[in-house]
Structures are given as structure tokens and as C-alpha cells.
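Please look over the model below before reading my comments on it.

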Amino acid sequence: MKMPKPDQDIIARRSEIIRRLQAIVPGDGVITNENELSVFECDGLMAYKQLPMVVVLPESTQQVSNILKACQDMGVKIVPRGAGTGLSGGALPLADGVTLGLSKFNKILDIDLDNRCAVVQPGVTNQAVTNAVMDDNFYYAPDPSSKIACTIGGNVAENAGGMHCLKYGLTTNNLLGVEMVLMDGDVIRLGGKHLDAGGLDLLGAITGSEGLLGIITEVTVRILKKPQTARAMLVGFDTVAAGGNCVAKIISSGIVPGAMEMMDKVAIDAMQRFVDSGYPLDVEALLVVELDGPEAEVDYLVERIEQISKDVGSTFLRVSQTEQEREQFWKGRMSAFPSIGRISPDYLTMDGTIPRHRLPDVLTRMNELSEQFGLRVANVFHAGDGNLHPLILYDANVPGDLDKAEEFGSEILKLCVEVGGVLSGEHGIGVEKRDLMGEMFTEDDMKQQQRLKCAFDTSGLLNPGKVYPTLHRCAELGHMHVHGGKLPFPDIPRY
Amino acid sequence: MADIFKPEKGTQVLDAVKWAVSNKASLEIIGQGTKRGLGRAVEAKAVLDMSNISGITLYEPEELVMTARAGTPLTEVQAALDDANQMLAFEPWSPKSIYGAEGGTVGGMFAANVSGPRRILAGAARDHMLGFKAVSGRGEDFKSGGRVVKNVTGFDLTKLMAGSMGTLGVMTEVSFKVLPKPEKSRTVLLFGASSETKAMIAAQSSPYEVSGYAHLPRSMAERSSVDYVKNAGQDVTAFRIEGPAPSVTVRCEALRKLLAPLGESVEELHTTNSQALWAEIRDVSYFTPEKQIWRLSVTPSEGPEIAKSLNGEYVLDWAGGLIWLALDPSDDAEVDKVRGAMQSGHATCMRAADAVRAKIDVFQPQDTALAALTKRVRAGFDPHGIFNPGRV
């Protein structure tokens with residue numbers, strides 16, 4: 001993975017840049033010594049590491065604005081960072097860049113139950129939003145598996161999902177407003193407590209923009225009333241195809257479960273051995289389906305899904321009878337990462353989305369690839385919405401294993417695109433999948449997307465080297481190839 | 001009379017835009033032209049009529065996804081969805097009551113982000129749009145998004161296209177999410193709420209998953225086609241409950257209990273009446289044709305007070321977050337009074353004569369930094385301003 005070549009002139013000016021930043025953020029908010037900088041050298045994509053030139057931890061919107069203005073003025077690049085849990089390298093530092101961390105933006109500003117929303121600073125963790133409202137039986141719905149550590153600002157940047165977004169939507173569907181600072185220091189507000197921002201939906205456009213468009217300094221999210229009850233079901237199958245078929249039947253019968261997860265044999269075994277979750281070891285595919293809502297509804301839907309499962313030939317079926325049992329069913333799935341970590345020294349987490357019905361083909365081809373590369377793969381799958389998380393098992397101490405694992409991962413993602421899916425469902429492109437963007441988009445598609453960046457960040461200093469494989473200058477993107485002479489009326493039916 | 005281009009395939013759309021770019025000519029993009037009254041009247045060199053770029057290209061009910069060309073009539077989409085017992089969950093309104101024309105196209109619906117009462121639970125049109133193909137104002141094909149729901153692959157230009165009023169590009173194809181129709185739909189009516197604000201907050205703070213919250217002041221309720229509402233003789237606050245039959249029964253009962261102490265009495269509408277009432281609310285069918293109509297999106301708990309302060313006829317939707325306001329005709333649609341009543345949010349003048357709309361900001365004006373950013377974003381898609389000039 002190639003990052004833009006560090007600008008030696010900028011690195012030579014490091015002490016001047018530090019002085020400018022210290023003038024804006026006094027005290028311990030500017031980190032310069034190597035030991036402390038090493039904390040920031042990577043995010044959740046740990047295969048890539050780079051010490052940042054300097055880290056700055058502002059605590060007010062004004063400071064963020066001044067930092068960006070100063071950096072734009074000096075031509076210095078900025079890498080925004082929340083908790084650094086991202087899995088695609090979106091917060092990978094640059095040798096000639098300032099990492100701007102938002103950890104000091106950690107306050108909950110306003111809980112407005114009457115309008116079912118919370119206004120928080122971007123460094124507040126996902127779980128902390130729920131914690132702040134749970135005494136009143138509310139919660140924040142998007143639940144990425146890193147929810148204890150990941151921040152709301154980062155969730156917006158990556159359009160984070162989770163197990164429950166099948167029914168309750170992704171971050172973008174639960175976001176009401178933001179305050180953000182542009183690279184030129186301008187502070188803008190998008191949305192608020194009302195629905196649908198006026199004008200162009202810039203709020204939608206910045207969600208999932210991976211820190212390329214601005215620095216978010218305040219977030220307003222929708223909170224939801226906790227469902228009255230929830231029950232989970234375990235449904236096992238002899239074949240992955242039967243499991244996929246069951247998912248399709250459930251959805252087409254008009255049921256949208258709170259969550260519907262699927263895993264393959266390698267994953268089931270690893271999880272059940274890690275923590276007893278009641279998973280059967282003699283099935284090829286296992287579904288964890290959760291129904292939530294009023295008791296009468298949950299009971300009714302459980303019965304219907306039981307029937308559907310039998311109809312498609314399930315070989316194992318259990319329904320949680322107590323809240324404790326429901327939690328037990330989830331334990332394995334929730335510990336997907338540590339349980340895989342126990343059976344393999346290292347693993348790569350992939351994240352593609354496919355049309356659900358292509359699952360059996362995709363898994364078959366994935367197993368072929370697994371043999372071809374000589375690497376094992378475990379699959380956990382947000383089955384309801386087609387979001388696939390193959391975990392490629394490798395050993396970083398074996399020379400060449402990481403390269404092989406990455407190549408295997410690329411092949412899987414290409415396969416996702418080939419069957420009508422996308423490169424990333426919820427982890428983002430970052431640096432990890434950057435060079436695969438051409439599998440999905442033409443040069444014109446990507447240029448059009450980058451013109452959006454130019455509107456927000458004319459200087460191109462915000463998080464360069466992420467998402468887009470080729471960096472274009474805004475002036476070049478603005479150039480139009482207009483025909484010398486005027487085109488005659490085209491041959492189109494006219495009235 | 002402007003020329004009308006009526007392309008029959010995507011390459012002809014591209015040709016038309018290329019022609020416009022090279023001749024510095026502007027284009028008004030229309031589907032069936034049902035919502036031309038929204039925004040200022042467009043004065044363009046030519047009309048690009050997309051109604052022949054039509055047809056559903058993919059519909060997989062079990063995958064909850066449909067792809068249709070931009071000019072596909074909504075009636076065709078509706079019929080296909082009905083066959084599979086599915087729906088557009090964001091409940092788009094029909095332009096009939098406001099603009100007098102029935103119908104509309106897929107492209108027009110998404111370009112105007114048309115969403116109805118269920119928006120508060122299920123999201124807006126923009127939340128259901130998954131991807132698109134379009135031609136930019138640079139005369140280039142481009143696409144974004146896809147046909148799957150979970151997708152963080154490049155910037156989400158799809159959201160940007162939704163509600164852009166055709167000012168960023170000419171969409172040729174759209175993919176969107178569809179959902180199963182609820183098994184059952186009922187409505188709990190609260191008559192004579194002592195405070196509709198409190199009643200709607202109480203319902204929102206309940207776990208009963210209400211899929212529509214509307215408030216009709218007595219004078220509006222009297223115009224309803226549903227007898228229970230029409231003959232109420234007082235204000236009517238309506239709460240819709242949808243879902244599997246056993247669940248709907250239980251939730252309606254619980255909601256009735258919750259609401260009863262908050263007004264004079266409660267009543268329950270079953271399927272037919274319930275559907276009729278929400279269709280009226282969705283399509284804003286309470287105002288007479290001479291009225292000027294505003295649509296205000298505000299903080300929900302503030303909606304009732306703002307609406308009352310404006311001295312017009314009004315209906316509240318989205319638990320107070322959406323005010324449909326009707327005013328007697330005036331030269332400026334009382335723009336200052338309307339926008340002055342709001343602390344935050346945005347107000348759109350949905351209906352007024354061309355001359356009135358030409359004079360005022362139909363859409364909420366933005367502060368300097370945001371307006372400048374919006375302008376730069378537009379220029380990135382349509383540098384010469386050839387699409388729908390003047391409309392927003």
C-alpha cells in the first residue's frame with residue numbers, strides 16, 4: 001500500500017508547525033515526543049503503522065477552526081482521529097501530517113427526550129450515548145461491535161452499522177445534525193433537531209466520508225425507545241445454501257427481524273469453543289435471529305420463523321426462554337474477534353456487501369480461494385442486509401503470509417462487486433480497500449466524487465491518500481473538455 | 001416556446017446534456033412535470049423530458065430492492081409493489097392536492113425527496129435511495145451507491161442527489177429499498193387533547209412504535225372524509241399503529257390507555273378508515289386551492305406553538321415536526337412572518353403563484369458559509385449551471 005510521498009519541506013518545518021499549534025492549543029494538547037506519538041501510529045488496521053509528525057488534541061470548535069486555518073496556511077496535511085478503532089486505516093497517520101484527535105470532545109451536551117435526540121461531542125463513545133439515556137429506557141440504535149470504544153464522530157465518518165441496522169438503520173439514518181469545521185476554518189451547521197436538512201443534503205454526504213471533508217465537532221443523534229421484549233433464536237442448517245434460503249424466506253414473508261446474523265462452520269466452532277453460547281457443532285451454518293418489540297409481536301414472529309425454518313429443512317432450532325439465555329445466544333457472535341484470535345495468530349477482517357441470494361455462490365468461491373491461497377477463512381455475516389465479514393486467518397511471522405492474506409482479501413472483495421455488491425458495508429475504504437475502488441467505479445465516477453471533496457477542501461489537505469487511489473488537484477478536476485465548436489442539435493426525439 | 005428533448009435511451013440523455021454544455025444552453029429536467037410548482041419557475045433554453053426513459057429494470061422482492069429508470073411512472077412502481085405486497089415505506093405524497101396533477105416519476109420523487117407521515121419511523125426518501133446513474137452538468141455519465149443497503153464505498157452522492165431538485169445532474173436510473181406492507185394498520189384517535197404536544201410526546205416516549213403522529217385542529221378535522229374525524233366536533237390527534245395483527249391489537253389497547261387521560265376521549269379506526277385518514281394527511285388534502293401553502297420542518301416539540309402563532313390553517317405531521325400551513329394569498333406569501341416564527345429548521349413555500357415564488361426565497365436561505373459551500377458543491381456537478389436554472 002503506497003501512501004503519498006512525505007513532503008520533506010514540511011517535515012523540515014516541524015518545529016515551526018509545532019509552535020503554531022502550541023499557540024492555538026496550550027498545555028498538553030500538542031504531542032511531539034516519539035513515545036507518546038507511538039500511541040497514534042495506527043488504528044484498527046494494525047498491519048499499517050506510521051508515526052504522525054505531531055498530534056494535536058483541541059478541546060473547542062474555535063481551536064479546531066484555528067488549527068485547520070493555520071494548517072491550510074502552512075500547507076500541512078491533517079488526519080482526523082476519534083478512538084482509532086476503524087478497521088480500514090482511515091486514521092492511519094502521515095509522516096508529514098498532523099493527527100487531529102478529538103478525544104477531548106467527550107461531553108454529552110443535551111439530552112432532549114421530548115424530541116428523542118441527544119446532542120453530543122464527537123469524542124463521546126457510541127455506548128456512552130446509550131448509557132446516558134438508558135435510565136429512561138431509551139437507546140442509540142447503531143451498534144458497531146466496537147461500540148464500547150468507538151466514538152460517535154468516528155461513527156459518522158464511517159457510517160457505522162452493526163447487528164441491529166437491519167431494522168433500525170445505519171448511522172446515516174439515525175443522524176439529525178452536525179457542526180463541522182472545514183479545512184479553511186469555516187464552521188458550518190447541518191441539520192438540527194428537525195427532520196431533513198433544508199437545501200442539499202450535505203449531512204447525508206458527509207456521513208461515511210472518512211474524514212476527507214471536514215472535522216465534526218458536534219453531533220445530534222436520534223435516540224429510540226427500548227423495545228419491550230427481545231428474544232433470540234438459533235437456527236442451524238446442513239448447508240450454507242439452506243441457511244441463505246431461510247434468510248430469504250423470512251424477509252420475503254414480510255418479517256424484518258431486529259437482527260439476523262449467520263456464521264459458517266469455522267466461525268461457529270471457534271466461537272462455541274471460546275464461550276459456551278449454546279451453538280451446535282454439527283451444522284454447516286447457524287443463524288442467530290433476534291425479534292424485538294411488544295411481547296405479543298415477538299411471540300407471534302418467533303412462531304412464524306420456527307415454521308419457516310422447519311419448511312426449509314433446519315436441523316437445529318432453539319428459542320431463548322429467558323433474557324439470560326438470549327444473552328447467551330449472542331455471546332459467541334459478540335466475541336467473534338477474540339474467538340478467531342484464539343485459533344489464529346493474526347486475521348484480516350473483510351467487509352463487503354452482496355445481494356443476499358448470491359451468498360451460497362460467494363461462499364463456495366470463497367472456499368475455493370481459501371484452498372488456492374492456502375489460508376483458512378471464517379465467515380460471520382450480517383445476513384439480513386447482505387453484509388459479509390470474512391475473517392482471513394494468517395500468521396504475520398510467516399514471511400509472505402500477510403501479502404497472501406491481502407491478496408485473498410482483494411479477491412473476495414472483487415467477487416462481491418462482481419455479483420452486484422460493494423467493497424465496504426460498514427468499515428469504510430480507508431487505505432485498506434483504496435486501490436480496489438476501480439473495481440466498482442470508473443475514472444469519471446471517482447472524479448465526480450472527488451469534486452465533492454474539492455468543494456469542502458480545496459487544498460486537498462484533509463486526510464489525503466485515503467479512499468481514492470489517485471489524487472487529483474482540484475484545478476485539474478475543475479477543467480472541462482468543452483468542444484471547440486458548438487454541437488449541433490443531437491439526434492433525439494424533439495417536440 | 002422552448003425546445004423539448006424527449007430521449008428514448010440513456011445515450012440520448014448524454015447527447016442532450018453535451019449539446020447544452022457546448023452551446024451554453026440551459027435545460028429544465030422534467031419527468032411528468034407534476035411538481036413544477038415546487039421551487040421557482042425555471043426559464044431554460046430547452047426542456048429535457050425524461051418520461052420515455054422508463055421501466056423497472058430490476059425488482060427482487062425477497063431482496064427488498066427495486067431499480068427503475070428515472071422516468072418510470074410511480075403508478076407502475078406502485079402496481080408492481082402491490083403485486084408483491086410491498087411498499088415504499090417513506091410514503092411519498094401525491095402532488096394532486098397541492099399542484100393539481102396526479103402521478104409523478106421515480107426520478108422526480110427522489111429529486112424532491114418526497115416523504116410522508118411514516119417518515120418519522122421509517123425515514124425519508126433519501127434514506128431508501130440506494131444508488132443512481134446520472135449525467136453531470138459536465139456532460140459525463142457517473143454513478144454512486146449500489147443496490148445494497150449497507151454501503152460505505154466512496155462518498156454517498158446518493159443522499160446528495162435526493163432532494164437536489166435536479167440541480168446536480170440528470171438521473172437516468174435509481175435503485176431503492178422497498179419494504180413489506182404491514183399486515184395490519186389501525187389508528188388511535190385522541191379527541192380534544194388538552195395539549196397535543198404532550199400527547200404526541202407521550203406516544204413517542206412509549207415503546208408502541210407509532211408510525212404516524214398527526215394533529216388536525218377542529219376546523220381541519222371537519223374537512224376529513226372519515227366520519228369519526230369529521231364529526232368529532234373538536235381537535236383530533238391521530239396515532240397510527242402498524243404491524244402483525246396480534247401486535248397491533250395489543251399496542252392499540254396500550255396506547256388508548258396511555259392517551260385517554262390526555263384528552264376528552266379516544267377512538268380507534270380500523271383498516272379502511274385508517275388508510276383513508278393517512279392518505280388525506282399524506283397528500284395534504286385539507287386546504288382549498290386558492291391558499292398559499294408552506295411546509296415547515298421544525299423541532300417537533302415546538303411545532304404546535306409555532307403553527308398556532310402563524311394565524312393560518314394548519315395540519316401537523318411528524319409529531320409536530322412538520323407543519324403544513326395554508327395562508328390567504330398575498331404578494332410575498334408572508335415570508336418574513338413565517339420564517340420569523342421559527343428558531344431553527346426550515347420553511348419551504350410549497351404553493352404560490354409564479355410571480356410570488358419569483359419574488360421570495362422559496363427554500364430556506366442559508367448562512368454565508370453554508371451558502372458558499374452549497375454553491376461550490378453545485379459547481380462541482382454542474383459548473384455552468386445548465387440544470388434547472390433559478391429553481392432553488
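1. Basis of the note. This is a predicted model, in which local features need pLDDT of at least 70 and side-chain atom pairs count only at pLDDT 80 or more, while totals for chains, interfaces and linings use all residues. Residues are numbered from 1 along each chain as its sequence is written, chains are lettered from A and ligands numbered from 1 in the order in which they are written, and side-chain values use heavy atoms, with hydrogens and water left out.

2. Extent of the contact between the chains. Chain B brings 85 residues to the contact and chain A brings 103 residues, where contact means heavy atoms within 4.5 Å. The size of an interface is often given as the accessible area lost when the parts come together. For chain B and chain A the buried area (the accessible area, with a 1.4 Å probe, that two parts lose on being put together, summed over both) is about 7,800 Å², and carbon and sulfur atoms give 59% of that area. On the side of chain B, Lys150(B), Val152(B) and Phe155(B) supply 13% of the area buried against chain A, more than any other three residues.

3. The rule finds 9 salt bridges across the interface of chain B and chain A, a salt bridge being a side-chain nitrogen of Lys or Arg within 4 Å of a carboxyl oxygen of Asp or Glu. Glu209(B) and Lys167(A) are joined by a salt bridge, at 4.0 Å from N to O. Helix H16 (residues 368-381) of chain B gives the most to the side of chain B that touches chain A, with 9 residues. Helices (H or I, at least four residues) and strands (E, at least two) are DSSP runs, numbered from the N terminus. The residues of that side of chain B comprise 35 nonpolar, 26 polar and 24 charged, with Ala, Val, Leu, Ile, Met, Phe, Trp, Tyr, Cys and Pro counted as nonpolar, Asp, Glu, Lys and Arg as charged, and the others, Gly among them, as polar.

4. Domains 1 and 3 of chain B. The assignment divides chain B into domain 1 (1-181 + 362-392), domain 2 (184-283) and domain 3 (292-361), the bounds coming from an automatic or database domain assignment. The C-alpha centres of domain 1 of chain B and domain 3 of chain B are separated by 25 Å, and 19 residues of domain 1 of chain B are in contact with 20 residues of domain 3 of chain B. Between these two domains of chain B about 1,600 Å² is buried, 55% of it from carbon and sulfur atoms. Within domain 1 of chain B, Ile98(B), Val362(B) and Gln364(B) lose the most area to domain 3 of chain B, together 38% of what that side buries. The count between domain 1 of chain B and domain 3 of chain B is 1 salt bridge; Arg40(B) forms a salt bridge with Asp361(B), with the closest N and O atoms 3.6 Å apart.

5. Domains 2 and 3 of chain A. Here the C-alpha centres lie 30 Å apart, and 6 residues of domain 2 of chain A are in contact with 12 residues of domain 3 of chain A. The area buried between domain 2 of chain A and domain 3 of chain A is about 800 Å², with 60% from carbon and sulfur atoms. Met163(A), Leu166(A) and Lys167(A) supply 71% of the area that domain 2 of chain A buries against domain 3 of chain A, more than any other three residues. Lys167(A) also forms a salt bridge with Asp292(A), the closest N and O atoms being 2.7 Å apart.

6. Two single residues. Is Lys433(A) buried or exposed? Lys433(A) has a relative accessible area of 1% and is therefore buried, the term meaning under 20% relative accessible area, with exposed over 50% and partly exposed in between (1.4 Å probe, protein chains only). Asp141(B), in strand S8 (residues 141-145) of chain B, is partly exposed at 45% relative accessibility. Leaving aside residues up to four places away in sequence, Asp141(B) touches Asp444(A), Asp445(A), Leu14(B), Ala134(B) and Val135(B).
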